Amino acid sequence: MNTKSLKVHVEDAVANVQMDHGEVNLLTNEFILELQHIIAELNNDERIKVVIFRSMNQHFFSAHLDLNVINHEKKGIAGTKNFMNLIEDTKNMRAITFAIVDGIARGGGNEFVMACDIAYGTENAVFAQPEINTNIPPGGQGTVQAALRLGRTRALEFLLTGTDMDAPTAERFGYITRYIPSNAIEQTLQQVVTPLTFLDQRNIEMIKELVDLAIKDEKAAIKLERKMFTERAGEGKTQYLIEKLLKHGAQTSREIQIKELLADVVAEVTQDISLTK
């Protein structure tokens, strides 16, 4: 599954994708095609529930889209089209996607981060959309994401100045999921990712669908949520899990230590599964 610029390691439903392309992880057409290839392969692997994108570069997550493809030549048009498709491919992945930003993410590199479901930034991270300096808007949904995440006035400042935003500010403004010091990234990932690996794929897709719809159409999302809640409440698996929760102290003071309660439920469910094999 590895390519020239990407190293992929899969373990326990989690795929770690490490990027190492040239001096600054420039989004050249070649690198974009490699990313699309890996994303397609991961998307077709039903075992994978979490995909984590990282950079092996000390300074850059990804500098930006290759400036040489921003033109009206045939090769340039193909490169920019592939980049725009890459952003959509990333947004539409079945798995939960994480971007771990421990360096610079500007332009297309930042747009790739925003296409992931969850983005963590360290003290070394910066985020920027500097396209205005070359007489163009962002081409990978950077304007849209800035408006959705930052609101009008902050989006205007961010896009019109093109200046870098650090991770603490990005977290405070709601632009990224969280600011996490680099020495705490692995511990945080273990805490967040491990529970995700136990989820059914259909549940991951259900929550993604509801959240994405809510951003576009609140009333439609409410209607769909009610429908899904009613349908799922009648499923045997739902009633089975509720029975286990009640058995281990749900709706009692044991919920003070809910992590321990849930761990006991997971242990019993795992044992039940092993007995049926």
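Mentor: A nonpolar core is a set of buried Ala, Val, Leu, Ile, Met, Phe, Trp, Tyr and Cys residues joined through side-chain atoms within 4.5 Å. Keep in mind that this is a predicted model.

Trainee: Which residues touch the most other members of the largest nonpolar core?

Mentor: Leu42, Val51, Phe112, Val113, Phe127 and Tyr175 do, out of 45 residues. Helix α1 (residues 29-43) gives the most to this core, namely six residues.

Trainee: What makes the set with Ile52, Phe98, Ile100 and Leu196 another core?

Mentor: That set of 15 residues lies apart from the largest one.

Trainee: Why are β6 and β8 called paired?

Mentor: Pairing takes at least two bridges. Strands β6 (residues 104-106) and β8 (residues 126-128) have three, in the parallel sense. The strands therefore count as paired. Ala105 stands opposite Phe127 in β8.

Trainee: Why is a residue counted in the lining of the largest pocket?

Mentor: A lining residue has an atom within 4 Å of a pocket point. For the largest pocket, 37 residues line it, and Phe198, Leu199, Asn203, Leu241 and Val266 lie nearest its centre. The volume is about 1,400 Å³. Helix α11 gives the most to this lining, with 11 residues.

Definitions and conventions
Residues numbered from 1 in each chain as written. Predicted model: local features only at pLDDT ≥ 70, side-chain atom pairs only at ≥ 80, totals over all residues. Heavy atoms only, no water. Helix = DSSP H or I, 4+ residues; strand = E, 2+ residues; numbered from the N terminus. Buried < 20%, exposed > 50% of the residue type's maximum accessible area, 1.4 Å probe, protein only. 1 Å grid on protein atoms, 1.4 Å probe; cavity = no way out; pocket = protein on both sides within 12 Å on 5 of 7 lines; lining within 4 Å. Points joined across faces, edges and corners; volume = space filled by probe spheres on them.
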